[in-house]
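My notes follow in the order of looking.

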Amino acid sequence: MDSVKPAPMSSKKTKLARTFAKVLHIRMLTGVSPIDGTPKGDRTVAKNVGKQSGSFDCSDEDQQDRAAMEAFLAKLFASTTALKAAYAQLQYAQSPFDVDGIQAADRTIVSELKRLSELKRCFVKKQFDLLPENAMLSAELLEQKSVVKIYEVSVKKMNSQVRLKDSEIIFLKEKLEEAKSNNKDLEKRMNQSGSLFMLENLQLSAINTNHFARVLRQTVKTIRTFVELLIDEMKSAGWDIGEAASAIEPDIVYFKDEHKRFAFEAFVCRVMFEGFHFPNFGLPNESLPEKQQQKKLYFRRFTEAKSLTWKELVNEKPKSTYAKFYRAKYLQLIHQKMESSLFGNMKQRRQVSSGEIPESEFFGTFADMARWVWLLHCLAFSFDPEASIFQVSKGCRFNEVYTKAVTEEVLLLSTEPELRVAFTVVPGFKIGKTVIQCQVYISKSQQQEQQQQEHQLKQPVQKKTEAR
C-alpha cells in the first residue's frame with residue numbers, strides 16, 4: 001500500500017496564505033474599506049472638514065457677542081463718567097451758590113441715571129447694539145467729553161482757590177502790618193514804662209542821680225533814633241553824608257565811615273540842650289518861677305508828663321511850656337532850606353509855626369525826642385541844687401572822670417599814647433558831687449591817618465606779589 005504524500009496539501013495552504021497576504025497588502029496600500037468600499041483617508045478628511053466648519057460658525061458668534069459686550073461696557077463706563085462730571089459740576093455750583101448751575105447739573109444727573117437704567121434693561125433682555133463699533137466710538141467720544149468737563153471743573157475750582165488764597169494773602173499782609181504797628185507802639189510803651197518803672201510813685205524827697213541817669217539814657221536813645229531817621233532822609237534826598245558831617249565837625253578824621261553819624265548826634269544834642277541851664281529853657285516870653293517854688297513846680301511837671309505821650313501832652317495843653325519848647329526847637333533844628341531839600345516843601349514848618357501838629361513819622365520821632373529832653377530838664381531842676389550841664393572842647397585830653405568814649409571801638413582802634421577829644425556828642429551833667437560823664441568822640445591824629453593810608457596802599461602790592 002502506498003503511503004500518502006503531504007506535498008499537495010501543503011502547497012495549497014501555501015498558496016492560500018500568499019493570496020491572503022496579497023489582499024491585506026493591497027488593502028493597506030489603497031485604503032479601501034472592507035465594508036463600504038470607501039477609502040479610509042477620505043472618510044477622515046470628511047470628518048475633519050465637518051468639524052472645522054462647525055468651529056468657524058461658533059467663532060464668529062463669539063466674536064460678535066464679545067464685540068457687543070465691549071460696546072455695552074464702553075457705554076456703561078461713558079455714562080458713569082458723564083454722571084461723575086455732572087456731580088462735579090453740581091458740587092462746584094454749590095459754592096458759591098449758583099441756581100442755574102445747580103439746575104443744569106441736576107438735569108444732567110437725572111438724564112445719566114435714566115441712561116444707566118436703560119443700559120440695565122438692555123443687559124437683562126440681552127438687547128445689544130447691532131453695530132458695536134459705532135457704539136464704542138460714540139461711547140468713547142462721550143467719555144472724553146465728560147473727562148474734559150471734569151478737568152474744566154477742576155480748573156475752575158483751582159482758580160477759585162487761587163483767588164481765595166490771594167485775598168487771604170492780602171488780608172494777612174494787612175494784619176501783619178497792623179501787628180507790626182501795634183508791636184512798635186507796645187515796644188515804645190514797654191521801653192518807656194521800663195525806663196520809668198523805678199520812677200513810679202517817686203517822691204520829691206527821694207530823687208537821686210540814678211533816676212536822672214535812667215532818664216538820660218532814654219533821652220539819648222530817642223536822640224539816636226531821630227538821627228538815624230534824619231540820615232535816611234538825607235540819603236533819600238541825595239545828600240553827601242560825608243560833606244554834611246564835615247560841615248558840622250570840620251577837620252575830623254574818623255576811624256570808620258559809619259562813625260560820621262556821631263557828628264549829626266552832636267549837632268542835634270547841641271541844639272536840643274541849648275538853654276538847658278536856664279529854668280525856662282531860654283524860651284522867650286516865658287516867666288520864671290519863684291526860687292522857693294521851683295523844685296515843686298518842675299517835679300510836678302515831670303510826674304505829669306512822664307506817663308503821657310508827646311501828642312497827649314500837646315492835645316491836653318496846646319499852649320503849655322512843652323508845646324512852646326518843641327515848636328521852638330523844631331524851627332531851630334530843621335532849617336527851612338533843609339526841610340525844603342528833604343521833603344520838597346516847607347509844609348511841616350508852616351504847620352508847626354501856626355500851632356498845628358504834622359502827622360508825619362519824621363515829626364513824630366522829633367516830638368518824642370523833644371519830650372524826653374523836656375522831662376530831663378524838669379527832673380534836673382527838681383534837684384537842690386539843680387543839675388548843671390557841661391561839655392568838653394575839641395582837642396582836650398581824654399579824662400575818664402569827665403569823659404566817656406561814645407563807642408568803645410575807638411579806644412581799641414586808637415594807637416595814640418594820649419587820647420584827645422574830637423568833639424562832644426552828648427553833654428555831661430553834674431548833680432552835687434556826682435558827675436555823669438559826657439560822651440565824646442576820640443580824634444585820630446594825622447600821623448596815624450597817614451600810616452593807615454600807607455598800609456592800605458601796601459596791601460594791593462602784597463596781594464600781587466603773592467599771586468605771582
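Predicted model: local features only at pLDDT ≥ 70, side-chain atom pairs only at ≥ 80, totals over all residues.

**Strand S6 and its partners**

Strand S2, residues 403-405, pairs with S6 in the parallel sense, over three bridges. I also checked strand S3, residues 421-426, and found it joined to S6 by four bridges, with the two running antiparallel. On that side I noted Val426, whose bridge partner in S6 is Gln439.

Next I asked myself: are the residues of strand S6 buried or exposed? Five of the five, residues 438-442, are buried, so the strand is largely enclosed by the rest of the structure. I looked at side-chain directions as well. Cys438, Val440 and Ile442 point one way from S6, while Gln439 and Tyr441 point the other way, and all are buried.

**Nonpolar cores**

I turned to the largest nonpolar core and recorded 86 residues in it. Which residues have the most contacts inside this core? I listed Phe212, Phe366, Phe423 and Tyr441. Helix H13, residues 361-380, gives the most to this core, with 14 residues.

Apart from this core I found another, of six residues, including Ala86, Leu90, Ile102 and Ile109.

I went back to Phe366 for its contacts. Leaving out residues up to four places away in sequence, Phe366 touches Phe226, Met272, Tyr326, Lys329, Tyr330 and Leu333.

Notes
Residues numbered from 1 in each chain as written. Heavy atoms only, no water. Buried < 20%, exposed > 50% of the residue type's maximum accessible area, 1.4 Å probe, protein only. Pairing = 2+ DSSP bridges. Core = buried A, V, L, I, M, F, W, Y, C linked by side-chain atoms within 4.5 Å. Contact = heavy atoms within 4.5 Å.
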